[in-house]
Amino acid sequence: MRAQLIDAARDLFVTEGYAATSTPMIVTAAGVTRGALYHHFADKSDLFRAVCIREAEAVGQAVEAATQDVPEAVQAIKLGAVAYFDAMSVPGRSRLLLLDLPAVLGHAAAADPDLADGQAQLRDGLAQAFPQAAPGELDAMTDILSAAFDRTALAIAQGGDKDSYINAMLTLLERSIAG
């Protein structure tokens with residue numbers, strides 16, 4: 001029943017937007033009662049958080065699968081980038097994670113370990129690529145590159161040429177990291 005609610009809510013959040021999606025719409029789409037919704041979730045924002053966690057986990061799993069057996073840090077970052085863009089190309093995912101998540105749950109949600117796995121993966125890759133970097137420098141690099149990744153994913157989701165954006169990001173990574 002929890003999965004039904006998450007599936008129905010995801011579809012509605014993507015098509016209608018968070019603000020326009022009501023809990024009666026969600027329970028109707030899921031085929032459950034309001035009591036069932038409130039048995040599993042405190043409120044609509046709690047359900048939205050669960051939707052976003054599932055989406056973020058899917059992205060993290062895609063990146064992990066693409067990079068787990070790659071010993072060279074720069075190559076792992078590049079493969080992880082392509083996996084990230086492919087995973088973020090799932091319809092609605094960029095909207096949920098990059099636009100609605102900070103609007104609904106605040107920017108602090110990006111630091112939530114359940115939602116920030118991708119940033120942790122990127123930081124780990126950068127730590128391998130730049131073993132002499134200070135922790136603060138690694139944090140800054142992670143924030144900057146994460147913003148570039150997110151902006152690229154949004155551009156692709158909004159109809160930008162996926163290959164051009166991915167190639168541009170890979171070129172930037174190659175020139176800045178492999179230097």
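**Figure 1. Thr21 in the loop between helix 1 and helix 2**. In this predicted model, Thr21 belongs to the loop that joins helix 1 to helix 2. Its relative accessible area is 1%, and Thr21 is therefore buried, the cut-off being under 20%. Leaving aside residues up to four places away in sequence, Thr21 touches Leu12, Phe13, Glu16, Ile26 and Lys44.

**Figure 2. The buried and exposed sides of helix 2**. Helix 2 covers residues 23–30, and its buried residues are Thr23, Ile26, Val27 and Ala30. Viewed down the helix axis, the buried residues of helix 2 fall within an arc of 95°, so they line one face of the helix. An α-helix has 3.6 residues a turn, so residues three or four places apart point the same way. Thr28 and Ala29 lie on the other side of helix 2 and are exposed. The packing partners of the buried residues are helix 1 (2–16), helix 3 (34–40) and helix 4 (44–67). After helix 2 comes Gly31, which has a positive phi near 75°.

**Figure 3. The crossing of helix 4 and helix 5**. Two packed helices are described by the angle between their axes and the distance between the axes. For helix 4 and helix 5 (residues 73–88), the axes come within 8 Å and the crossing angle is roughly 145°. The crossing is right-handed. Helix 4 contributes Val59, Ala62, Val63, Ala66 and Thr67 to the contact, and helix 5 contributes Ala76, Leu79, Gly80, Ala83, Tyr84, Ala87 and Met88. Sorted by class, the residues in the contact of helix 4 with helix 5 are 10 nonpolar and two polar, with no charged residues.

**Figure 4. Helix 5 against helix 6**. The axes of helix 5 and helix 6 (residues 93–105) come within 8 Å and cross at roughly 105°. Helix 5 and helix 6 are therefore roughly perpendicular to each other, a term that covers angles of 65 to 115 degrees. On helix 5 the contact is made by Tyr84, Ala87 and Met88, and on helix 6 by Arg93, Ser94, Leu97 and Leu98. The contact of helix 5 with helix 6 has five nonpolar residues, one polar residue and one charged residue. Tyr84, Ala87 and Met88 of helix 5 are also among the residues that meet helix 4.

**Figure 5. Helix 8 alongside helix 9**. Helix 8 spans residues 135–157 and helix 9 spans residues 162–177; their axes come within 9 Å and cross at roughly 165°. Angles over 145 degrees count as roughly antiparallel, so this term applies to helix 8 and helix 9. The crossing of helix 8 and helix 9 is right-handed. From helix 8, Leu145, Ala148, Phe149, Thr152, Ala155 and Ile156 meet Lys162, Tyr165, Ile166, Met169, Leu173 and Ile177 of helix 9. By class, the contact of helix 8 with helix 9 comprises 10 nonpolar residues, one polar and one charged.

**Figure 6. The whole chain, for reference.** Of its 179 residues, 42% count as buried. Among contacts with a separation of 6 or more, 65% are between residues 24 or more positions apart.

Notes
Residues numbered from 1 in each chain as written. Predicted model: local features only at pLDDT ≥ 70, side-chain atom pairs only at ≥ 80, totals over all residues. Heavy atoms only, no water. Axes fitted to C-alpha atoms, helices over the stretch in contact; angles between N-to-C directions. Helix = DSSP H or I, 4+ residues; strand = E, 2+ residues; numbered from the N terminus. Parallel < 35°, antiparallel > 145°, perpendicular 65-115°, else oblique. Left-handed = near helix turned anticlockwise from the far one by under 90°. Contact = heavy atoms within 4.5 Å. Nonpolar A, V, L, I, M, F, W, Y, C, P; charged D, E, K, R; others polar. Buried < 20%, exposed > 50% of the residue type's maximum accessible area, 1.4 Å probe, protein only. Arc of directions from axis to C-beta.
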